Structures are given as C-alpha cells and as structure tokens.
Amino acid sequence: MLEKKINKIKYYVRPKRAWEQMKAAWTLKQTVYLYGVTGAGKTSLAADFLDKKQFYYVSMSDTGIDEAAREIQEKLDIAQPKTGGGIFVIDDLYLLETQEERNVCECLIEKLCSRRDVWLVSRAPLPGWLTSLYIRYIFITIGEESLFLTEKEQECYLEKWELFPTKAACKRIWDLGGGIPLFLRIVSMRLKELPELENLEEQEEAELEAVEKSRKDLWNYCES
C-alpha cells in the first residue's frame, strides 16, 4: 500500500540550489528526477520539501510494478473528484530489470506526467529507457552537484550540531567531503564525542584525527 514513508532528517540544512530547483518544478508541476551517490541527500531533500504535504510513496523494492501501477491508479481514481491526483514519489527504479517491467513503468509514468494535477518525484538516476519521456515532458533533474552543501552551508550544518571546529578542521572536512551530507553527519558524530580541550593545538590535532577516522567510516559504510 502506498503510504507516507519518508521521514524528515534531524539537523538538516537545505542545499539552496536544489531547493530552488524543487520550487520551480513544484510551480510548473514538472516531473523531478533526484539522483546522486549514497548519502548525497536525496531522501532528506524530498522529506524536507514534502513536509506537511500529502503525498504517496512507492518503492520498487517493496512491491512489484504491477501492484504499484494498480495502487497508483486507485489513488488517482479516488482523489480526482475532490482534490486532484496529488503528489507521487517513485523510488528504486533501477530495480526494474526486465523489459516487460520497464514497459509497464514507462506507461505508468507517462500517465502521471500527462496530468496537470499530478506532481511526480523520482529518486533514481535517469535510466535510458525513460529518455523519450524525459524529452517529451521536460523533467527537471537534480543531481548530486546540487544536493551537496556549499562551504557556508557546511558551517550551518555543524552549528546545528553545536560544533565549532578549528579552521584547520573545517578546511579538512571541506577538502575531504566537498559538502556530502553523509560525510558531514559522520564527522559530526565523531566530533561530538571529543572532550573540550583548553590547549588549542591539542584540540586541533584531536579534531583532525576525528576527521580522518570519519573518512574511513564513510569508506566502510559504502563498501558494506
């Protein structure tokens, strides 16, 4: 069953560029494609933007495409007389492996895209089999370069954790992570564990060591 499953993330900082793209897509009711590496912030952006909005979520990892198509059609039929089609979030399209499944999904997405009372958001790289729909309906794509935080947004994120690292540590965090939200979360958890030292040099050294450990944590997370 379709249900609201995306939870808002604590300590979230909006990436300005991606947020503006989402607002533009919402105004124009254009289909949105979110894609990026693990930890880029796709789910967080969707959760933040859709907060307090009614939407329907379906993941191809939870249900087959036939079941998803049936449930979406039911939602459209029920909602249409009163409130319009609504907002649909479709996830994990990369799990559709057979051409038959892709054909069913393509028809489903085309039906959603063609309706002005529907806003469709997908969290997946744009697959080649949807290129024709992408061209016809002018999807707005939001990639990882828009999802990553700027250096200033990184500073705001750390402040939400009540962290104020030394300049050297902040620079190292930026050099290694480049604003990747998952890396910032791991770093923040590491830094939060550190005791506050009176000696600035010792504090800086401890923070830099924590940043390096965070890099290894991220590698381990991605590998496993």
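## S188 and helix α9

S188 is buried, at 0% relative accessibility, and has its place in helix α9. In this predicted model, S188 touches Y157, L158, W161 and L163, leaving aside residues up to four places away in sequence. V211 is 23 residues from S188 in sequence, and their C-alpha atoms are 9.0 Å apart.

## Overall fold

The protein has 10 helices and 5 strands. Of its 224 residues, 46% are buried. Among contacts with a separation of 6 or more, 81% are between residues 24 or more positions apart. The accessible surface is about 12,500 Å², and carbon and sulfur atoms account for 50% of that area.

## Helix α7

Helix α7 covers residues 151-160, and its buried residues are E153, Q154, Y157 and L158. Viewed down the axis of α7, these residues fall within an arc of 145°, so they line one face of the helix. An α-helix has 3.6 residues a turn, so residues three or four places apart point the same way.

The buried residues of α7 pack against α1 (16-28), α8 (167-177) and α9 (181-192). After α7 comes E162, with a positive phi near 60°.

## Nonpolar cores

The largest nonpolar core has 39 residues. M22, V32, L34, L45, W119, I142 and I173 are the residues with the most contacts inside this core. Helix α9 gives the most to the core, with 6 residues. A second, separate core has 23 residues, including A68, L76, I90 and L133. In soluble globular proteins, nonpolar side chains tend to be buried together.

I173 touches Q154, L158, G178, F183, L184, V187, L191 and V211, again leaving aside residues up to four places away in sequence. Two of these, Q154 and L158, are among the buried residues of α7.

## Salt bridges

The whole structure has 10 salt bridges. One of them joins the side chains of R14 and D48, at 2.6 Å from N to O. This pair links distant parts of the chain, with R14 in the segment before α1 and D48 in helix α2 (residues 42-49), 34 residues apart. R14 is partly exposed, with a relative accessible area of 43%, whereas D48 is buried at 6%.

Other salt bridges lie within a helix. E67 and R70 meet at 2.4 Å, N to O, and both lie in helix α3 (residues 65-79), 3 residues apart, about one turn of the helix. E67 is partly exposed at 30% relative accessible area, and R70 is partly exposed at 40%. E67, R70 and E74 are linked in a network of salt bridges. In helix α8, D175 and K171 are 4 residues apart, about one turn of the helix, and their side chains meet at 2.8 Å, N to O. D175 is partly exposed, with 44% relative accessibility.

## Cysteines

The count of disulfides is 0. The closest cysteine sulfur to that of C105 is in C107, 9.4 Å away, which is too far for a bond because a disulfide needs sulfur atoms within 2.5 Å. C105 is buried, with a relative accessible area of 0%, while C156 is partly exposed at 32%.

## Q99 and W129

Q99 lies in helix α4 (residues 99-113) and is partly exposed, at 47% relative accessibility. Q99 and W129 are 30 residues apart in sequence, with their C-alpha atoms 9.0 Å apart in space.

Key: Residues numbered from 1 in each chain as written. Predicted model: local features only at pLDDT ≥ 70, side-chain atom pairs only at ≥ 80, totals over all residues. Heavy atoms only, no water. Helix = DSSP H or I, 4+ residues; strand = E, 2+ residues; numbered from the N terminus. Buried < 20%, exposed > 50% of the residue type's maximum accessible area, 1.4 Å probe, protein only. Contact = heavy atoms within 4.5 Å. Areas by Shrake-Rupley, 256 points an atom, 1.4 Å probe, with all protein chains shown as cover. Arc of directions from axis to C-beta. Core = buried A, V, L, I, M, F, W, Y, C linked by side-chain atoms within 4.5 Å. Salt bridge = Lys/Arg side-chain N within 4 Å of Asp/Glu carboxyl O.
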